[in-house]
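I opened this notebook to record what I looked up in one chain, and in what order. The entries go from the whole chain to single residues.

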Amino acid sequence: MTPTAFNSATNIVTPSSARHRGVPDVPQDVDFLMDHLNDPNFDYHSELQSLSDASTEVFELERKKAPDSGSIRISEFDVESRSESARYSTASKTDTQGTAFDYDDDSPYPEVRAAISSVDDATMPVNTFRTWALGLFFTVVISAMNQFFSMRYPSVLITGIIAQLTALPLGKGLERVLPTTRFNTLGYTWTLNPGPFNIKEHVLITVMANVVVSGAYATDVVAAQRIFYNQTLNTAYELLLVLSTQLIGFSLGGLLRRFLVYPSSMIWPGALVNCALFNTLHRAYSKPDHRHISRGKFFTIVVACSFLWYFVPGYLWTGLSVFNWVCWIAPNNVVVNTLFGTSTGLGMGILTFDWAQVSYFSNPLVSPWWSEANTGVGFLICFWIIAPILYYTNSFYMSYLPISSTTAFDNTGAPYDPTQVVTDGIFDVSKYEAYSPAFLSSTLAVAYGVAFAAFTSIVVHSFLWYRRDIIKRFRSNLKDERDVHSRLMQAYPEVPQWWYALLGVIMLIWLFVAVEIFPTELPIWGVCLALFFAALLSIPVGMIQALTNQSIGLTVMYELIAGYIFPGKPVAVMIFKATAYAGTNQAVGFAGDMKLGHYMKIPPRLMFAAQVIAAFISSIVVTLVQNWMFANIVDICQPHQPDFFTCPSTTVFATSSLLWGGIGPQRIFGAGAMYSPILWFFFLGAVLPIPFYYLARRFPLSYWRYVNVPVLFAGIGAMPPATGINYSSWLLVGFFFQWFMRRYHFRWWMRYNYILAAGLDAGVAICVVFIFFTLQLPKGGINLNWWGNVAWQNTADALGTPLRTLSPGQIFGPSSW
């Protein structure tokens, strides 16, 4: 009997010309594995072991002349997944000579098999009255409420999971009350109630809600122009700016389909959680299992427990949320509070009892463990080693400031007041020279360096690992994909490319009108440059998020670029940043929602229409709500507004525009400037991916292939305001579920992991809304003033006490600037 090998180029089993040998460092006779080298989520070792076992078994059978006893090892897949995917097995590559092999019965990724059904009912009604009625209802209500409360502190966010959970009973209610009468309009037969409320209607409603949850980024531009620059422009300008920046990214999303949606390797872990929850709520995927608790019952229990427990760290004993217990013992010890504090410290306490803190920037049950490990290494090096070294050596005068802060400071240690360097909305050099340079806290300076390194590492990493895939994808379409989900989606007509082009042209014209007719100081070529960066970075940023569930923050880079190009023009910097950031963010988000529709088999044209219409209506709603608030709320956006409408996000946004567009990056990072050494992070980010790439190519069976430098840098972009306690607790939970449970209790992980992730998030989200509207908002709120809620606020950490203090009237820093 002759040993065989799988050839990825021809997708057939062919005789191997290589001699039999042990597993090599570079397996030349299993070349298909090299095709997956740039996909860390692929079960590389399992596939190679299967090939090795199969070929070794062939030799032994030939030598002993024994019949095949069927001893080929089967991977420890979930029982439900195995029964639905009989063809997906390691033996199918080599058991039959000369036959084709495709992963066409199910996904090769266990994460996908755990959450997604591999069957579809193309006759299921989706474009229904219930879909649009509920979708538009959530679009308007969530947009209005989130915009209203975003300008208040404390605030509340109505998340997409709230809509996901409430849409089901509302849909079922409409199923019962709406008439089933059929109408005939222009030859088209339709009805208000086509039958049972189904999972595809539910998905489309939730997608419309998810599109509008974060609001419109450009509303902060409009608010900053009003408050900080005394520019009250008309509603036409506001609508043109908000609509164009919010929707132009969708046109880029059309380009991303072939890169981020069609390939099965782009798994989008965040979408998997939603899919698992949809299937659980509708009980379409779960099978009766008398040996285990059902997914639906498990989800209900998790939501209830999460809801009830959040009352403890979220209201009754808030000290358990920050849990800087060492600071409670030594509240006035600055060194202790600097290291273990969670307000202005490094958060080395490790533990927290608040799921909202654990999942502050990402759900640890969703991201793959290799991605979380990269983030953990980056966090440890940058914020628990480099940041304290800079602080305790007083580099850049950092010891006179809190070690961690999101704001800049002046030379007295007070928060930097940008209004002191502005005259009529324009940066005033003489005032700047009379006031103070801007000083950065230790973690903020490191965060800027990390952002610089992330930018260059994304470009270099994407070129090294994905250049061939990107070039190949330019010539591919959905019909070229072989996995089951792509094959099922071919039953639905795709969105024509000219739809995206037409949307992009219209939004581009509106954006040109907004910046050219109104006083924005941003030329049309500046808009084109912003869109160029948005388009250039959308593919690599989207790939990182699709593989790792880690979003890449590029706002600092866009501010840096705009600050150099438009010095002294803060409004132009704001609009440039909003255009570039919203373009990239909306394009990637659009691609993520399309992947959700891809998994759940939603007709692409209907998905496109739902997202565009939801974004369009939401942009109008948030603009009108904001205008109403400015017209009717007294002293809005002022520090002492009686109803707490202090506009925290707008204040940060405007302060950032003054620092980057007023003072400018040249005075902060330019040659000879105080923080110019931080620019070396650009070089570091560009160089680091190279050795790890070649090490992974040379040793593909080693852990080098899991080293992802962009994730290492970009994954820690949330700090500050995040602290060490967010990252350390996130890593501990991620290690337990994404490594230990997945490795040693794989069946449990396949069945419950994503349901647990959704349930924990849902319980906290519901409880946050409940506490806000019942205990905090009415009549000034009900406050529990006891030791557990006030002790952590009376520490050097909460007060932001620096290591070195100044006498009254004393300043620090250079004598001239």
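**Ground rules.** I am working with a predicted model, in which local features need pLDDT of at least 70 and side-chain atom pairs count only at pLDDT 80 or more, while totals for chains, interfaces and linings use all residues. I number residues from 1 along each chain as its sequence is written, and the side-chain values use heavy atoms, with hydrogens and water left out.

**Whole chain.** I looked up the secondary structure and found 33 helices and 6 strands in the chain; helices (H or I, at least four residues) and strands (E, at least two) are DSSP runs, numbered from the N terminus. I then looked up burial, and of the 817 residues in the chain, 57% are buried, where buried means under 20% relative accessible area, exposed over 50%, and partly exposed in between (1.4 Å probe, protein chains only). For contacts, meaning heavy atoms within 4.5 Å, I noted that 79% of those between residues at least 6 apart in sequence join residues at least 24 apart.

**Disulfide.** I searched the whole structure for disulfides, taken as pairs of cysteine sulfur atoms within 2.5 Å, and the search finds 1. Cys 637 and Cys 647 form it, with their sulfur atoms 1.9 Å apart. Both cysteines sit in the loop between α24 (604-632) and α25 (648-663), 10 residues apart. Cys 637 and Cys 647 are both buried. I also checked two other cysteines: Cys 305 is partly exposed at a relative accessible area of 49%, whereas Cys 767 is buried at 0%.

**Helix pairs.** Two packed helices are described by the angle between their axes and the distance between the axes. The axes I used are lines fitted to C-alpha atoms, for helices over the stretch in contact, with angles running from 0 to 180 degrees between N-to-C directions.

I began with α6 (residues 160-177) and α10 (residues 269-282), whose axes come within 11 Å and cross at roughly 20°. The two helices are therefore roughly parallel, since angles under 35 degrees count as roughly parallel, over 145 as roughly antiparallel, 65 to 115 as roughly perpendicular and the rest as oblique. On the α6 side the contact is made by Ile 161, Gln 164, Leu 165 and Leu 168, and on the α10 side by Asn 274, Leu 277, Phe 278, Leu 281 and His 282. By class, the contact of α6 with α10 has 6 nonpolar, 3 polar and no charged residues; Ala, Val, Leu, Ile, Met, Phe, Trp, Tyr, Cys and Pro count as nonpolar, Asp, Glu, Lys and Arg as charged, and the others, Gly among them, as polar.

I turned next to α18 (residues 442-474) and α28 (residues 689-698), with axes that come within 9 Å and cross at roughly 25°. That makes α18 roughly parallel to α28. Residues of α18 in this contact include His 461, Trp 465 and Arg 468, and those of α28 include Pro 689 and Tyr 693. The contact of α18 with α28 divides into 7 nonpolar, 2 polar and 2 charged residues.

My last pair was α30 (residues 724-744) and α31 (residues 746-776), whose axes come within 6 Å and cross at roughly 145°. Among the residues that meet there are Phe 737 and Tyr 744 in α30, and Trp 748 and Trp 749 in α31. I counted this contact by class as 7 nonpolar, 2 polar and 1 charged.

**Single residues.** Ser 244, in helix α9 (residues 235-261), is buried, with a relative accessible area of 0%. Leaving aside residues up to four places away in sequence, Ser 244 touches Leu 239, Met 507, Trp 510 and Leu 511. Arg 475, in the loop between α18 and α19 (484-489), is exposed at 65%.

**Backbone.** I looked for cis peptide bonds and noted one from Met 719 to Pro 720, with omega near -20°, and another joining Pro 720 and Pro 721, with omega about 15°. Lys 601, in the loop between α23 (570-600) and α24, has phi near 60°, a positive value in a residue other than glycine, and counts as buried at 2% relative accessibility.
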